[in-house]
Each structure stands twice: as C-alpha cells, then as structure tokens.
Amino acid sequence: MRKIIYFLAIIAAAVSYTSCTSEVDDAFDKQASVRVEEGMKEFKKILASAPNGWVMHYYGNTNFGGYNLLCKFTEDNSVTVANEFFDDDKTATTHYKVEQSAGIVLSFDTYCELIHFFSDPVNPQGFGSAGEGFGGDMEFRVLSMSNEKIMLQGKKTGARIAMTPLADNVKWADYLKKVHEVENDMYSMVYDITDGENTMRMRRSMRCFTYTVTEDDQTIKKQMPYTITPDGIEFYEDLELGEKTINKFAYKAASDSYTEANNPGVTMSKVVLNPNDLFVSGVWYVKYSELGKLAKTSWNSLRKGLDSTYGYKLIMACFGVYSTDFGFYFAPGNDEEGYFLSELKFNYTLEGEDKVTMWFSGEGDLLGNGIYFYNEEDSGVKKALSPFGSDENHKRTFTVTTDDLKRPTYVELADDSNSKNVIRLFADEVRFPFDE
C-alpha cells in the first residue's frame, strides 16, 4: 500500500552577526549582541507584567479558526496556562524560553498538553489529519511588544497571534465559561453582514466563515477565521464591506443581531435557512445506527474494507462544509499511524425548500487521501457513497427535514426513489460512528 500523503524585529542587525559590518555597528550605541540581550530581557519583563496573565488568540491552520489560550508568565521561565478545549478550571504550569533567532522568539519548549494540543501532529479532538493536527506552532517570532499588546507569528505556519492582558478582576474559569456561553448564544450556521446597502452572507464552519466576492467578473470563495471572546466575535483580520472596515461584533444576550464594534450602522444577523439549504451549509455527522437499511449494507463494506485491508477504524464521517467545500469527509486511522482526514467533493442542486439532488463530483482533497481511498475497491469507500449519490450518472434526490431550523440537532434525508434509503445525520460530532 502506498504511503498516504500526509516586530517588527526588534533588532534588525541581529539577523546574522557575520553580516554586520563595522559601519553598521557604528550606527548604534551598543553592539548587536548587547541589543539582542536587552531586547529579550525587555520581552520577558513585559510577559511577566500582566498580573492576571494574557489572553492569547491562538491560530494554527486558519481553516479551523481561533481559540483562547490563557497564559501567565514569570521572569524565571515558568508559564501557567488554560485552554478553552479543556475544563474551564483546568490549568497547567510548564516552561517557556525566549531566545534570538533572526529576532526574538518565544517557545514553549517543555511538553504540556494544554499548549501542545495545538501543535501535536495528531490532535486529540480530530483537527486536521495525521502529521498535521490543528496545524499550530510552539515557536513564535515576536512582531511587536508592549504592556498593552503583544503580536506573535508562528515560526512554521506564519499565523499571527495576538496577546492582550486579562483584566485583574476576571477569574480564568469565568472567562472561559463566558466564551462557551457567548458561542452557544450567538450560534448560527449562516449570518448576513450588512451596512444597509451592501450585504455579505457568511457560512460558518468551525470558527471560520466562508463568503464569496466578485473579482474581475468571477465569483471567488474566501475565508475569514475568527475567535469567540466574552464580548462577541473578533475576526482574524479586517474585512471590507463597502467603504466600511469591520473586525468585531459585540455580543448581545438573547439576540439574533449584533452590532459592529466600530461601525454602529453595520450589523451581523442570524439567518434561518430552509431545510435543504441548512443541509448543504452545515456539517452533519454519520452515525451507523441511524443509517437506513440500504445505507447500512453499503457501510458494512466500508467498515470491513478499512479494517481488513488497512487495519483502520473509521474515526469520523460527515457530510457538509467541514472545510471549504460541500462533500463527504471521513477520517480512517489507527493508534500507530494516526488518522487521515479525507474529502470527496459533492455537487448538488436545490429545489424548493426541502429538495436536494447530489452526487460525487469526482474530486477530492489536495493531499489525495479521499481519491486514494475511493479508487481502492477494497476500502469500501465507493460503496459507502452509493446511498448519497455515487456519481453524475447516479444522482440521488432527497427530501430534507429537521427538528429545529434555528438550532437543529439533526437533518434527515429521505430518498425520493427508495423508501429504504432514509438517513439521519447529526449536528454534534460523532466519533467512531460504527460504535454508536
């Protein structure tokens, strides 16, 4: 079997000691090595200056969006952290290092699950694929620093990360609890952002919006990662809407509409979709026990094929916009090799409020994992697609229903041509779908 593909710099002259001429050194009052040492000392002093620690908006692979990491540093190289993916009151203390490498670099050089959750090659929450995980860093270049804000950049990925001091009177557990509450209350699969004249529709996947713009008469799909804070939604970078620059939307309890922090005339409102549009806009997880009779037979081949041919279990399978495209996403793997996130893209058409016709487009993810499994007859992947629409010549039309249009827990697909092909898919992630 083939291997599946898995500050501004404070001291500009310190990039290479050997490249500094005597004339350059003469332009400064101190030698480069002294300036570097002083810069690192100043950075450590700033890190330790926040009595209640820093809020880090952590980004790795920006397709997944940003998440909150709380960090309290001391000048003796210890750091205490909390991570919103863990229990609100869970903390850990570990070691950090500040060094020079073409500028000042902050690194978390001792393993700590609350930090390395983001950089581990196999993420415990199932982000990414084997060898990639969440796609985060554990070494960061310092772009700028002050007691009010620190800007970092992942040394490997280039993702920008902002750190701001946490108010002294805020308990860490309360901060993280509020993040979860705000995310739950602001939840919607789709939002409309408008200034009254221009409207931009944003479709959410994890903590990343997908939207379209027209450039040179072409429709281009773009992404806007974001972080949830106790105050609302904060974008990874500025977004232009008409002549307005938008970045933050303020949380308002029990509301369906939110106001941009610096532009009172710009709002972001939840959109209630029809059942069929809801299906193609969300992420819906497979649970074997909720497949219809026809689908169960096909998926038995998938279970057997992954196990007998590769020694893999199916860790996750879903339909929808898990990344940027609508399709079938699945993650086979095992403890030794990790998992391999795979994608098979689907085309679809919508009719009325509840009809969707869909079929496999023949395309997969850039790594080639999806197409590889699809082409391997023994894997069972091709058979597993059949109940959903295996190709353009075998399209399937479904009637889509759900339990709640505003906050659905499932969608149900009823095949218009086969009463035995009724499939229920779930909004909450299902791990190891064959075991459910």
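A search of the whole structure, a predicted model, finds zero disulfides.

Q: What makes C208 a residue in no disulfide?
A: The nearest cysteine sulfur belongs to C318 and is 15 Å away. The cut-off is 2.5 Å. C208 is therefore in no disulfide.

Q: Why is C112 called buried?
A: Buried means under 20% relative accessible area. C112 has 6% relative accessibility, so C112 counts as buried.

Q: Is C208 buried or exposed?
A: C208 is buried, because its relative accessibility is 2% and the limit for buried is under 20%.

Q: Why is S119 called buried, and where is S119 placed?
A: S119 has 16% relative accessibility. That is under 20%, so S119 counts as buried. Its place is in the loop between α3 (113-116) and β7 (139-145).

Q: Which residues count as contacts of S119, leaving aside neighbours within four places in sequence?
A: They are G136, D137 and M138. Contact requires heavy atoms within 4.5 Å.

Q: What makes β18 and β19 a pair of strands?
A: A pair needs at least two bridges. β18 and β19 (residues 313-320) have three bridges, so they pair, in the antiparallel sense. V283 stands opposite G320 in β19.

Q: How do you know that β18 also pairs with β26?
A: Two bridges join β18 to β26 (residues 422-426). At least two are required, so the strands pair. They run antiparallel. The bridge partner of Y285 in β26 is F426.

Q: Which way do the residues of β18 point?
A: V283 and Y285 point one way, W284 and V286 the other way. All are buried. In a regular strand the side chains alternate between the two faces of the sheet.

Q: What volume does the largest cavity have, and which residues line it?
A: The volume is about 40 Å³. G126, I315, M316, Y322, A331, Y339, E429 and R431 form the lining.

Q: What lines the largest pocket?
A: The largest pocket has a volume of about 1,100 Å³. Its lining has 30 residues, and the closest to its centre are E183, R204, M206, Y285 and A427. α4 (172-185) gives the most, with three residues. By class, the lining of the largest pocket has 16 nonpolar, seven polar and seven charged residues.

Q: What is the volume of the second largest pocket, and what lines it?
A: The second largest pocket has a volume of about 650 Å³. Of its 28 lining residues, H57, A162, T164, E234 and K248 are the closest to its centre. The largest share of this lining, six residues, comes from β14. The lining of the second largest pocket divides into 16 nonpolar, six polar and six charged residues.

How values were computed:
Residues are numbered from 1 along each chain as its sequence is written. This is a predicted model: local features need pLDDT of at least 70, side-chain atom pairs count only at pLDDT 80 or more; totals for chains, interfaces and linings use all residues. Side-chain values use heavy atoms; hydrogens and water are left out. Helices (H or I, at least four residues) and strands (E, at least two) are DSSP runs, numbered from the N terminus. Buried means under 20% relative accessible area, exposed over 50%, partly exposed in between (1.4 Å probe, protein chains only). On a 1 Å grid over the protein atoms alone, a cavity is a set of points where a 1.4 Å probe fits but cannot get out, and a pocket is an open set with protein on both sides within 12 Å along at least five of seven lines; lining residues have an atom within 4 Å of a point. Grid points are joined across faces, edges and corners, and a volume is the space filled by probe spheres set on the points. Ala, Val, Leu, Ile, Met, Phe, Trp, Tyr, Cys and Pro count as nonpolar, Asp, Glu, Lys and Arg as charged, and the others, Gly among them, as polar.
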